[in-house]
Amino acid sequence: MNTVTLASLLCLLAGAATVARAEDPYFYFTWNVTYGTISPLGVPQQGILINGQFPGPNINSTSNNNIVVNVFNHLDEPFLLTWSGVQHRKNSWQDGTLGTNCPILPGQNFTYHFQVKDQIGSYFYYPTTSTHRAAGGFGGLRVNSRLLIPVPYADPEDDYTVLIGDWYSKTHKQLKTFLDSGRSLARPDGVIINGKSGKGPGGDEPVFTMKPGKTYKYRICNVGLKNSLNFRIQGHPMKLVEMEGSHVVQNVYESLDVHVGQCFSVLVTADQEPRDYYMVASTRFTKEVITATRILRYTNGKGPASTVLPKAPEGWAWSLNQFRSFRWNLTASAARPNPQGSYHYGQINITRTIKLVNSASRVGGKLRYAINGVSHVNPTTPLKLAEYFGTADKFFKYDVIPDSPPEQEPKLVTSEPNVGNITFRTFVEIIFENHEKSIQSWHLDGYSFFAVAVEPGRWTPEKRKSYNLLDAVSRHTVQVFPKSWAAIMLTFDNAGMWNLRSELLERRYLGQEMYISVLSPERSLRDEYNLPDNAPLCGSVVGLPLPAPYTI
Ligand SMILES: *[C@@H]1O[C@H](CO)[C@@H](O)[C@H](O)[C@H]1NC(C)=O
Ligand SMILES: *[C@@H]1O[C@H](CO)[C@@H](O)[C@H](O)[C@H]1NC(C)=O
Ligand SMILES: *[C@@H]1O[C@H](CO)[C@@H](O)[C@H](O)[C@H]1NC(C)=O
Ligand SMILES: *[C@@H]1O[C@H](CO)[C@@H](O)[C@H](O)[C@H]1NC(C)=O
Ligand SMILES: *[C@@H]1O[C@H](CO)[C@@H](O)[C@H](O)[C@H]1NC(C)=O
Ligand SMILES: *[C@@H]1O[C@H](CO)[C@@H](O)[C@H](O)[C@H]1NC(C)=O
């Protein structure tokens, strides 16, 4: 990893009087993606490693840093990574989904180049191709505040990334075969915390150590496939400070429900008797609870952790109440020195309401998951490339789903590309309605949104009265409980082609995702970057003349 101190150089050259903006620092990574043997549940199995590591390396960055990651695909299948929650301003070319990028073919490499512009917080990256996420390839990504921006808590002694998730002992290819044959994934074989369940060799080794009296930051993300997990630490309450890029009101929790795709940052003080303590992650809303435990050790500690684990909460209501307790800290600065609450989202008029209902049905005897009756399929030419080269009409239609689905759930599900056309810079309300008996978790790329409500029942316009229009948290993932709905609001001011997906792997893999095209009418570089020079081309755009580039 190199830091180019171009910024300081430019400052010197530019002198005090000029307006030349120093370029933000660059960080370079070379990543080899390979198969390798891992033993997350204590038994060897095939995993996906990055530079030999599972989970993959952490990316540690600061707001506005440029991150350059040259990814070499040594697998036998096409591969892509997404940087979940990184907004890629003007730059959906780096988003790493099959609707925006050609996959990196076996033996090839592709260099992602993105800036963590005006962001802070805890994120993670993961593979979007096939069922690769079930085998690994994920890792933490943190964006620290710049030194000049005040952070609403004291600097912690250290900063730890905790990646929790359910785990299957089958290979990703076996799981893929399962889904391709029209079945759904059964219950997981285990739960892991940073790559291990706590069982088997090395299971009793401490993952992290704490000095007595010191306060530590833990960044907890659910990188799993399907299950919401409850996370807790024996004897140590957690002070929530940040959630998916926003500083929040600092409530203290005994445990947190972390739904698939979500990240929380908490502060934990080592103020207990010096010995070992268990971190616990266990499945929620499942008949049989599956639990992982891993050890935290006090540096002056003697003695094993108590075998009495703190109890997990039960039922949905607890989780819903916890969601309702999350509040944006209106006075804290985010990545810029102005308060988060200076953006009064509650006073902006809604220009469009889109209601999305998830469903599961059988098509030709095979399971498909859909949004408003359409199960997404990726054309061989990525949607964004087809659009950029002016050939979109050959591959997909915009707005194939209505903004509001019919009252009766469509029995017939069609499988086709599902692309919405949203007008640049409009303020839109999206309602997610979940009529099913299982939990849902939605994620939108390219944006943060205000998660203004999650409530039981069906949504009606009157339900707007229950929205939090003052201090809802700005985030990128929201859960929807069974037979419930969620409402989000956002301004579509980031031009590009953006993936809106179920974070539950089997649902996304079997079609529960869509893309949202946001085009700048000016075709200006101020709004969107051109296709990068190194982007591989695939499908029908190979050999086509490059379209006229966007200009200033
Ligand atoms: C990646 O693999 C290449 C050989 O394929 C090797 O030369 C290089 O050192 C590896 N890089 C890292 C960071 O592991
Ligand atoms: C991460 O980056 C920050 C800011 O540059 C630095 O203070 C910190 O030591 C780094 N942490 C790690 C684990 O590298
Ligand atoms: C592949 O890696 C080489 C360096 O080994 C680099 O020069 C090249 O730009 C990379 N290719 C892409 C498409 O990023
Ligand atoms: C919100 O942020 C401000 C400014 O950094 C801080 O002083 C305050 O303690 C925070 N409030 C809560 C409730 O966390
Ligand atoms: C929002 O809509 C209301 C009622 O239609 C209108 O009076 C108001 O001017 C609008 N506000 C903005 C900022 O456009
Ligand atoms: C997308 O929406 C914009 C703005 O409403 C409209 O001008 C444009 O024609 C639409 N594009 C397509 C392909 O439907």
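This is a predicted model: local features need pLDDT of at least 70, side-chain atom pairs count only at pLDDT 80 or more; totals for chains, interfaces and linings use all residues.
The domain assignment divides the protein into domain 1 (6-144), domain 2 (159-325) and domain 3 (345-535). Between the C-alpha centres of domain 1 and domain 3 the distance is 24 Å. Their contact involves 27 residues from domain 1 and 35 residues from domain 3. The size of an interface is often given as the accessible area lost when the parts come together. For domain 1 and domain 3 the buried area is about 2500 Å², with 53% of it on carbon and sulfur atoms.

Polar interactions across this interface were also counted. Domain 1 and domain 3 share 18 residue pairs in polar contact, with both residues at pLDDT 80 or more. On the side of domain 1 that touches domain 3, the elements that give two or more residues are β5 (81-84), β6 (109-115) and β7 (121-127). Sorted by class, that side of domain 1 comprises seven nonpolar, 16 polar and four charged residues. Two salt bridges are found between domain 1 and domain 3. A salt bridge is also formed by R89 and D493, whose closest N and O atoms are 3.4 Å apart.

Side chains of opposite charge can pair when their charged atoms come close. The overall count by this rule is 27 salt bridges. R142 and D159 form a salt bridge in which the closest N and O atoms are separated by 3.7 Å. Because R142 belongs to strand β8 (residues 139-144) and D159 to strand β9 (residues 159-167), this pair ties together parts that are 17 residues apart in sequence.

Across the whole structure, 32 aromatic pairs were found. A pair of aromatic rings is described by the distance of the centres and the angle of the planes. For F208 and Y218 these values are 5.8 Å centre to centre and 80 degrees between the planes, and the pair is edge-to-face.

Most residues other than glycine have a negative phi, and most peptide bonds are trans. The peptide bond from F54 to P55, by contrast, is cis, with omega near -10 degrees. P55 is placed in the loop between β2 (45-50) and β3 (59-62). K90, a residue other than glycine, has a positive phi, near 60 degrees. The position of K90 is in the loop between β5 and β6.

Technical notes
Residues are numbered from 1 along each chain as its sequence is written. Chains are lettered from A and ligands numbered from 1 in the order in which they are written. Side-chain values use heavy atoms; hydrogens and water are left out. Domain bounds come from an automatic or database domain assignment. Contact means heavy atoms within 4.5 Å. Buried area is the accessible area (1.4 Å probe) that two parts lose on being put together, summed over both. A salt bridge is a side-chain nitrogen of Lys or Arg within 4 Å of a carboxyl oxygen of Asp or Glu. A polar contact is a pair of N or O atoms within 3.5 Å; within protein, one must be able to donate a hydrogen and the other to accept it, and residues adjacent in sequence count only if both atoms are side-chain atoms. Helices (H or I, at least four residues) and strands (E, at least two) are DSSP runs, numbered from the N terminus. Ala, Val, Leu, Ile, Met, Phe, Trp, Tyr, Cys and Pro count as nonpolar, Asp, Glu, Lys and Arg as charged, and the others, Gly among them, as polar. Rings of Phe, Tyr and Trp (its six-membered ring) pair if their centres lie within 6.5 Å; planes under 30 degrees apart count as stacked, over 60 as edge-to-face and the rest as tilted.
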